[in-house]
Amino acid sequence: MTVLLDAPTAKDTHVAGLLRLATAGSVDDGKSTLVGRLLYDTKSVLADQYEAVERTSRNRGLEQADLALLTDGLRSEREQGITIDVAYRYFATPHRRFILADTPGHVQYTRNMVTGASTAELAVILVDARKGLAEQTRRHTAVSALLRVPRVLLAVNKMDLVDFDKDRFGEIEADFAAYATALGVEHHAALPVSALRGDNVVEPSADLAWFEGPTLLEYLENVPVETERRPAGRFPVQYVIRHQAADYRGYAGTIASGHLEVGDPIVVLPSGQRSTIAAIDLLGRPAERATAGQAATLLLADELDVSRGDLIAPADSAPTAVQDVVATVCHLSEKPLNVGDRVLLKHTTRTVKAIVKEISAKLDISDPLAAAGSVKDTEADEFAWDDDAPAGHSLNANDIGRVVLRTASPILLEPYAADRETGSFLLIDPASGDTLTAGMSGDPLGVFS
Amino acid sequence: MSILTHDETAPAHDHLRTLEAEAVHIIREVAAEFERPVLLFSGGKDSIVMLHLALKAFAPAPVPFGLLHVDTGHNFPEVLATRDRTVAEHGLQLYVAHVQDYIDDGRLVERPDGTRNPLQTVPLVDAIQSHRFDAVFGGGRRDEEKARAKERVFSLRDDFGQWDPKRQRPELWRLYNGRHRPGEHVRVFPLSNWTELDVWQYIAEQEIELPEIYYAHERQVFARGGMWLSPGEWGGPREGETLQTRVVRYRTVGDMSCTGAVDSDAADVAAVITEITASRITERGASRADDKMSEAAMEDRKREGYF
């Protein structure tokens, strides 16, 4: 059944760029089918994988191969019939390579979507055309906005079940546009599809002739990826490379954001030592400039005392070290986070001790804007605006809340809204080592102030 | 909706730069945060690529950790030769755990089918414990098999080397949490996000040398379980299995007893890339008998501590 068209040559497989995307949708929105469809129609599913799916489908008495089975991973979730964790899928077209974080839509798995969205450059949210913007859709959009995913695409699925109705699509598109805009999503769009039939996923559909936009795959292939969201370079020192024979001392790390150039005057934080960049090595290739995402080694003009956890930044636009942290967090662990907890805070390449000073509010992520409105209405008890989840002294798994932390030593934390790399952190349980909480500095959704 | 046209000026392989930078970041994280890392090195292409990345990550200084090979006793001689040449060339430290030692003294029992891949787990976990390795780099990729799709880059293992899907930590942004208790260790997979094609494109681009059995050559083989196997002391061919000479190559290089060759005339890296691009069968499906046992085979083995 897996028929390849003309076998591509090695040359055709050259792809320009890599896109990281996250998909989210409710259990019944057909997300697994859509992802399976993308994999299948881009020939990323090979004969033996597809045969296994056909076999299983037949055993279950299905007439057609259930493409959802392609993405159905661990045995425990096959037993439960739902996806319970983030799964990564890979596919490619001649234009682009894709890393897809397939995140489950079930209500209690907000944390998985937070995980998948944290590295995504695009979020694709599935919605059932019959149902329109459900509570889960609002939650998925809000999580994408909170994690500052640069682009959010709504895939309006099951268009065949609403007779490919243009007006129905227009209605959902308008609802979504209004909601995404209110949440501050920078770029958003909507597409009609039928994942089951394959309409407008990879191939355009005659039934959707009224739709003038691209197919889903065309969109994915062409959507721009912004690698450099701001100019100011940020280089957390990851590892110091010393080589005595060569009298070599280089600072290795990944450019977190912006860019740095040879000759740039820099400051090393938190110590405040100054120097200039003498040379940049990009994995064996000397370079004049290193940009966000590149693994680099910097050589400085002066001999300084620099170690892992320090930050190298341009002398004229360096961040300020902080010890008091106000952040929006998503709690990930089954073990609650309490006021007074002593934790480890991991930020870029630096891990410091911290204490939870306050848990001042919880956010209803399915309706963050309404909640924010009520903050202003109830001045007396400013933060206790979520009736179901009053601002207590703890956060449970999947809770999103506002916390105040004090760190034992300074960190170079910046607002998450300005920089996803230097604005994010993890809280870690010092005893078990487990990851407790995902933190975003400041108020990325703009709902708390 | 405005769709920008595709940027034709973008460099042809910039996805490799992204994957390379990510892998190097992971390798440097481990070197910085762990006491005693080690890199699992079989002489296969994924471990060779991983070592290549490690060499780049710390250049001009040497790689600050050693290599560990679990020797099933049924290795392809060409692969062992590559292993030894690589170790010598870069002045690396090599630790070898021998499955044969375990069979000789009765700690492990040879399976009736002669397959030794499942027997690697115990020597591996023992070697990790006796050398007190706290981080073990593996070349596993998430695209290899369904159960790997949810594997973390940093995968926590207990004292028995076991993997518990429910205890795996969420991984966000570029923040990898490698904390572990005494006795536990972390398996680290820098190639998690690479596909087979990415690995081959990188091998081509970086001109990385591989054992010659990855390329088409004439070989005496016999058919078993839908695969071409090489004869050897491990127990083949049996009665009724006839040898024939074919032009084949290997897509993976594991234990000889369960690693099959595929018919191929791809004699160099460019030809291999063309072949893979057009191939209809996954790497594991084509050449690993032990994965065919059941759909959940990999999940079971991972729980037991297999890499």
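# Reading the labels in a two-chain predicted model

In this predicted model, 72% of the contacts in chain A between residues at least 6 apart in sequence join residues at least 24 apart.

Me: How is chain A made up in terms of secondary structure, and what share of its residues is buried?
Reply: Chain A has eight helices and 24 strands. Of its 449 residues, 51% are buried.

Me: Why is α5(A) described as largely enclosed by the rest of the structure?
Reply: A residue needs 20 or more C-beta neighbours within 10 Å to be buried. Eleven of the twelve residues of α5(A) are buried, hence the description. Among them are Arg138(A), Arg139(A), His140(A) and Leu146(A).

Me: What makes β7(A) and β11(A) partners of β16(A)?
Reply: Pairing requires at least two bridges. Strand β7 (residues 235-236) of chain A has two bridges to β16 (residues 311-314) of chain A, and the two run antiparallel. Strand β11 (residues 265-269) of chain A has four bridges to β16(A), also antiparallel. In β16(A), Leu311(A) is the bridge partner of Pro236(A), and Ala313(A) stands opposite Val267(A).

Me: Why are β3 and β5 of chain B called edge strands?
Reply: The open sheet in chain B has six strands in the order β3-β2-β1-β4-β6-β5, with mixed pairing. β3 (94-98) and β5 (154-157) each have a single partner strand, so one side of each lacks a neighbour in the sheet. From one strand to the next, the twist averages 30 degrees.

Me: How do you know that β5(B) pairs with β6(B)?
Reply: The threshold is at least two bridges. β5(B) and β6(B), residues 185-188, have four, in the antiparallel sense. Within this pair, Leu156(B) stands opposite Val186(B). Helix α5 of chain B, residues 121-130, packs on the sheet and touches β2, β3, β4 and β6 of chain B. The direction of α5(B) makes about 140 degrees with that of β3(B).

Me: Why are α1(B) and α2(B) called roughly perpendicular?
Reply: The class covers angles from 65 to 115 degrees. Helix α1 (residues 14-33) and helix α2 (residues 45-58) of chain B pack at about 75 degrees, with their axes 9 Å apart. The pair is therefore roughly perpendicular. Residues making the contact include Val24(B) and Ile27(B) of α1(B) and Leu53(B) and Ala57(B) of α2(B). The contact residues comprise six nonpolar, no polar and three charged.

Terms used
Residues are numbered from 1 along each chain as its sequence is written. Chains are lettered from A and ligands numbered from 1 in the order in which they are written. This is a predicted model: local features need pLDDT of at least 70, side-chain atom pairs count only at pLDDT 80 or more; totals for chains, interfaces and linings use all residues. Axes are lines fitted to C-alpha atoms, for helices over the stretch in contact, and angles run from 0 to 180 degrees between N-to-C directions. Two residues are in contact if their C-beta atoms, placed from the backbone, lie within 7 Å. Angles under 35 degrees count as roughly parallel, over 145 as roughly antiparallel, 65 to 115 as roughly perpendicular and the rest as oblique. Ala, Val, Leu, Ile, Met, Phe, Trp, Tyr, Cys and Pro count as nonpolar, Asp, Glu, Lys and Arg as charged, and the others, Gly among them, as polar.
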